[in-house]
Amino acid sequence: MADHYQNNVYHQGGGDSYGTYGEGGGPDGYGYQADYPPQEEDAASDVTEGHDDEDQMYEGEYQGIPHPDEVKAAQRAAREKSREGGSAASELEELSEQYEDIMQDCGHGKFQWMLFMVLGLALMADGVECYVVAFALPSAEKDLCLSNAEKGMLGLVVFLSMMVGAFLWGGLADKTGRRRCLILALGINCIFAFLSSFAGSYGFFLFFRLLSGIGIGGTVPIVYSYFSEFLQMDKRGEHLSWLCMFWMFGGIYASFTAWGVIPRYGWGFSMGTELQFHSWRVFVIIAALPAVTSLVGLTFMPESPRFLLEHAKHDEAWMILKQVHDTNWRAKGKPEKVFTVTHIKAPKMAEDELIEIQSGTGTPVQRWAVRSLTLCKLVLRNMASLLSAELRFATLFMATIWFCMAFSYYGLSVWFPDMIKHLQYEEYETKVKTFHRERVVDVRFDFPLKNQIHKEGEYKRDTFIGIEMKSVRFEDSLFDNCTFEDIRSTNTVFENCTILSTVFYNTDLWEEKFIDCRMENTTFEHNKHGCHLDSVEENDVLIYLVSFLGSLAVLPGNIISALFVEKIGRVKIIGGSMLISAGCSFFLFLSFSQSAIIALQCMFCAVSAAAWNGIEVVTVELYPTSKRATAFGVLNALCKLAAILGSSIFASFVGITKAIPILLSFAALVCGGLVALKLPDTRQKILQ
């Protein structure tokens, strides 16, 4: 065990597995000084000079409204009376109540807001990660020569890696510390996100994004567990809900920067002869800035004192709690207010001692191996305990809610933009122009050819020069003594054509664009190389716009849930929001235009945000400190699995039928909402 200060006194007897920190105190091992220590006459700060606290009167006193401090004192007295009355509360519950009393004395102020910003940026980085690959792909696929299968794998690896990261870092955070794991996770994300911007091949880009995702996958389970342990009970639901807004900011930041940085493929600079540093690579670097900023901020933040107390690190916990107390009260203009906690009861962890004992001998490699193996066993044992008798039903209920919500939310998030693209394609197809048996001789084509079908035509001594050919199809046609020069094509093919004495110079018309064609005396000179010129995406801006609007629509849901989560309750927020979301998804049967789909997407995202906020708050409150991050990690990993299934299933029905995605989404949300209504109300529950 770590060394302790000399004023620490540890007592063990009568089977008590707890140590007492500090001197003096009451029967439950926790106490406050009866009076503030004597101070010099001029010890008060200038801020409070001239004010007599006894002369100030609480304005609500005239209306018979009790002072907030009186309410807190009454709640504390009730808890102390319950303990003294011989209630069956366990020692761990006593620690939880004691810690809640301390956090109320520390107050909510400057320290929590600083931590709020730092952890919010980490959560924002998680939101950005979900969009980076999707926004970079339209340009990256041309730069890295990606096939459709490779593009699908890149989209899949984002959620797979985040699933692994949530599972891994959530378990480690309960055993090695919230702050330490979050720093490591963000560090891995920053390093490999930066390296991915320089990847010159598909393999390296996939590998770097995989490791980047594993890093960022740990942010959600750690951030909520970490922040909740600095909040008092009556502030917890509201401020955790405000924290959720940063995930929305991540989506807005990603879509806004992509919109500005990748407006059209092409600009950039060369790094040697092999690597062209195009705009999408710049976007990948900019997208990592929230993670970098959060990482820097975390170096100034302390570890969770609740975690430290669970692991018997009493001195560190006491110093951090004093730091929180002094920071808040100085900012409120009361620097003379003294941190009066003298001792805290906390468990002594035999598991940690086991690691130290086993690691005390052998070579450094052997010690590392033993420590790592022991840590893995402890993490796996902690995960298995989520299905113990006292947590089994909570875990199964929350797993059902997380899965149903993620399956529907992420599935429809993919379905909305894909459906809009499909409607655009159908509209484009209705405007196709068909030319039948046309005969064109000695004509110079120097204007774009778009959305055309040419059947059984004859083209003799014609010149096609410096033009774009988009969605053009030549069928059963003859080209005799023609010239194609400086051609850029998209979705253009020649099928069953005869091509005689024709020259193709500096074009991207390759062999695969000529289907069952007969060629004689035809030459291809200085063909354009590189797949980046094979297609031009004109609708990329739509991807950014739809994502931007979807992220922005989350704002009303976040605000409403934050304001009413304490008044209405978490359970009603979750159940009601999921059932309303089910109704929104059902209205998709009436969506026959792009504007209708975008409007319903915004409505769905707004209502879903309230459900997500409630789910995350309840997840924090249902599990004890020793299992909180582990449970959050497992449930968040399940969420990513549901996201993979939902996005894959929903996308496969685009252009075929919208009934199945809508019914699947509706059924999942109704199921999750009804299960959520069975959850216990955790508004007045002290964090265990």
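Me: First, the ground rules, then this: in which strand is the place of Leu500?
Reply: This is a predicted model, where local features need pLDDT of at least 70, side-chain atom pairs count only at pLDDT 80 or more, and totals for chains, interfaces and linings use all residues. Residues are numbered from 1 along each chain as its sequence is written, and side-chain values use heavy atoms, with hydrogens and water left out. Leu500 sits in strand E17, residues 498-500; strands (E, at least two residues) and helices (H or I, at least four) are DSSP runs, numbered from the N terminus.

Me: What does Leu500 touch?
Reply: Contact means heavy atoms within 4.5 Å. Not counting residues up to four places away in sequence, Leu500 touches Leu478, Phe479, Asp480, Asn481, Arg518, Glu520 and Thr522.

Me: What makes E8 and E20 edge strands?
Reply: Two strands pair if DSSP finds at least two bridges between them. The open sheet has 5 strands, E8-E11-E14-E17-E20, with parallel pairing. E8 (439-441) and E20 (518-520) each pair on one side only.

Me: How do you know that E8 and E11 pair?
Reply: They share 3 bridges, in the parallel sense, and at least two are needed, so they count as paired. Val441 stands opposite Lys460 in E11.

Me: Why is Phe407 called buried?
Reply: Buried means under 20% relative accessible area (1.4 Å probe, protein chains only), exposed over 50%, partly exposed in between. Phe407 has 9% relative accessibility, so it counts as buried. Phe407 lies in helix H15 (residues 392-430).
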